[in-house]
Every structure is written in C-alpha cells, then in structure tokens.
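Have the structure open as you read.

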Amino acid sequence: MSSAADALLSGRRGRRLCLEYAMAADPGIREEVFWLADGEDRGHVVFLTRADGTADPPPPVAASAELAHRIAALDARSADAALIRAALRASVDSARYWQAPDAEDGVASLPDVRDALFGVAEAVAVGTAWRQPRATEQWAIDWRAPTDTAPLMTDPSAALASWAAEQRADEERAQRERPRDPHANRSGIWWSVPQRLLSTRARIADALELIEDSPGWETATLIPVRGAGRTFEVRSANEWSDLCRTYPMEVTAARRHDWFRLTGRDGRWLIPDWERVAGEWDAVHLTTLGYLSAAMELVPIDDEYASVIAGWAPDSTIWLAGVVREWHGPREAWMRSSGGDEWIRVEDAPGSPRPGDPAVGGRE
C-alpha cells in the first residue's frame, strides 16, 4: 500500500485530500492549519479593538513542526469512508489552474507536514478503487433540465477538428499579442483537455460531486452509457507525458502566464493534440489516483517542454470516437436538496430508452 500512499503524496490534489481528512478527523488540526495558512496566504491579521480601547489577543502562531506532530499522532488506522469521500470532494473542488496553489495546498506541501501525512495516506488508500481502469458501463451528465432529451454526441470528429483549429489560432494570436514576461497579468485558456467532447464517469456520485471549481448547479440529468474501443489509461504523470510526447501540440504562448503562476516554471509547454490522439485511440481515461497524483503538477516531457493536466476530473473518460452509446435503462433526474449539498434522485427523466428499445448513439 505504500506505493499508493507515495502516489497520493506526490501530487497537490492527493496531499490536499489527506490534509482535508486530517482536519475533519481532528478539529485541532483544522485550527492549526487555519493559522498557518493565514500567515502564508494573507500575511497579516486585522485585530479588532474593543470599546474600552483594548485589543483582541493575536491568534496563535502555528509552526509547521507543531502541525506535523499533531498529524502524525492522528490514529487513522481505520479510516472513515464518509470522511474520505468528503476530503476527496474538497480536494477536487479546490483545484485551480489559473493562479498559484492556495494556502492550504501550500501547507500540505511543507516537507514536515507532507511526511506526517504518510500514515493518513496509507489509511485512506485502503480498499479504494482509485487505480481502476475505464468501466464499460458509465454515466454521462447533462446539467440542463431533464425535459431536454437531446441525444449524446455520436461523432466527435467535427468537434475535435474545431478544437484543434481553435487551439492553433489561439496560440498564434497569443504569440502576437501577449507579453513574453510570464509575470504579466494576463490569462486565457488554461485547460489541457477539450471541454466539448463527451465525458463520462463510472459512478453517479462522482459525476455529481467531483467537479473542479463547481459552479453550484442545482439540477442534473444522468444518462447511462456503454462504451468499447481502444482506451489509453492515464494512471500517472508518466502516461500524460507520453501522450504529449507522441502527439505534441505547442501551447507556450497561450498557457504561459496561467501555468507560470501555477507551477513557477518559465518555459515551453505542450498538451496532447487530441485530434491526432483520436487517430489511434477511441477514449482516454484518467484514473482517480492518476488525478490525485498528477493534476495541477508540473509534468516534465523532455529538456525543453513540460505540461499540466488541467481541467479534467478523477475517473473521467473523454471519448474521441463514436464507440459509446446510450444504454438500456432510464435517464435519471437529480436535484440538490433544499439548502444543502446532498443530491437527491427525482425520477426517471423523459426520453429515456426502455429495455427492448434500440439504443441511441454510435457503434460498439
């Protein structure tokens, strides 16, 4: 299990998951993280002055060594599944690619804190399916109203061609118009996967809950799908590096400023040319452990180029060919509970195929 723990602690999202778990398990750890993050992120605290002229006492100053000691003392031998799930949601939701990592990410990356999180990492990784490859039966999510019965995308070739043309045009425009100084206050497209392709998840809960920088959608339609074909599995940064090296698309000018803020690296950047990837692969799947170990990380490709996995999600499959179709069984309508974050199934959505009906979509 140590290899899974090592993988978790190698990535910002994995370290944040472990820290979130520790904070939930021990409120005292959360308080120490707050004050340590406050010092790193805000640099100062505004003290309130009472009516009698006296001031509130300053907050405690938490040294990372003290925090590390408290985390190491945490008994995580029997990790709580609900706390693991909540920690995973918090880690995914706090992912940002257009700015420097937030203060809590910074705290989790301090060497002594990271070392202290090893026991937590071992415990939370036990029994998870985070290495699991792409499942055959999955769910697509549509954030529109359940009354919208639009079919799934069955031929992504036009979307891929449009995406590739847009990326090249954006890179050429950025070369002409954006400053070379990586410190310049500029931003643009920062994600590294096409956003208009069909994306699916193995579990309904993941499709609803594991959303980066969630905008807070209130309703969703879940569509059962079944896919076949050649799938490239991204289990770690190494596979992502291989994709970029084999199907390179340069995005240095377009991504320079955002990814410099994220990684501190001033250099040349690549992402996969997804239109070329589609020439050999029908789908690409990012495992949960691959996401936790590599998303937001600087991924070296060679002496000149690097990349970032940005704008994807754990256990998510993007489909590059028409080999996925809507499967037998109803679409499901879900909504958030009133005043809460819990998702509740409402009913089977209109327009769903029933057993015996012809399936909707592309070929197997």
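## How H2 and H8 cross

In this predicted model, helix H2 (residues 12-25) packs against helix H8 (residues 118-125) at an angle of about 95°. Angles of 65 to 115 degrees count as roughly perpendicular, so H2 and H8 are roughly perpendicular to each other. Their axes lie 9 Å apart.

On the H2 side, the meeting residues are Leu17, Cys18 and Tyr21, and H8 brings Val120, Ala121 and Val124. By class, the residues of this contact are six nonpolar, no polar and no charged.

## Arginine 15, also in H2

Stay with helix H2 for a moment, and you will find arginine 15 there. Is arginine 15 buried or exposed? Its relative accessible area is 6%, and buried means under 20%, so arginine 15 is buried.

Beyond its neighbours within four places in sequence, arginine 15 is in contact with Leu8, Leu9, Ser10, Ala108, Ser109, Arg114, Leu117 and Glu297.

## Arginine 255 in H12

Now turn to helix H12 (residues 252-263), which holds arginine 255. With a relative accessible area of 1%, arginine 255 is buried. Setting aside residues up to four places away in sequence, arginine 255 touches Gln167, Asp170, Ile189, Trp190, Trp191, Phe260 and Ile271.

Which side chain makes a polar contact with the side chain of arginine 255? That partner is glutamine 167, at 3.0 Å. Look for tryptophan 98 as well: 157 residues along the chain separate tryptophan 98 from arginine 255, while their C-alpha atoms are 9.3 Å apart.

Terms used: Residues numbered from 1 in each chain as written. Predicted model: local features only at pLDDT ≥ 70, side-chain atom pairs only at ≥ 80, totals over all residues. Heavy atoms only, no water. Axes fitted to C-alpha atoms, helices over the stretch in contact; angles between N-to-C directions. Helix = DSSP H or I, 4+ residues; strand = E, 2+ residues; numbered from the N terminus. Parallel < 35°, antiparallel > 145°, perpendicular 65-115°, else oblique. Contact = heavy atoms within 4.5 Å. Nonpolar A, V, L, I, M, F, W, Y, C, P; charged D, E, K, R; others polar. Buried < 20%, exposed > 50% of the residue type's maximum accessible area, 1.4 Å probe, protein only. Polar contact = N/O pair within 3.5 Å; in protein donor to acceptor, adjacent residues only side chain to side chain.
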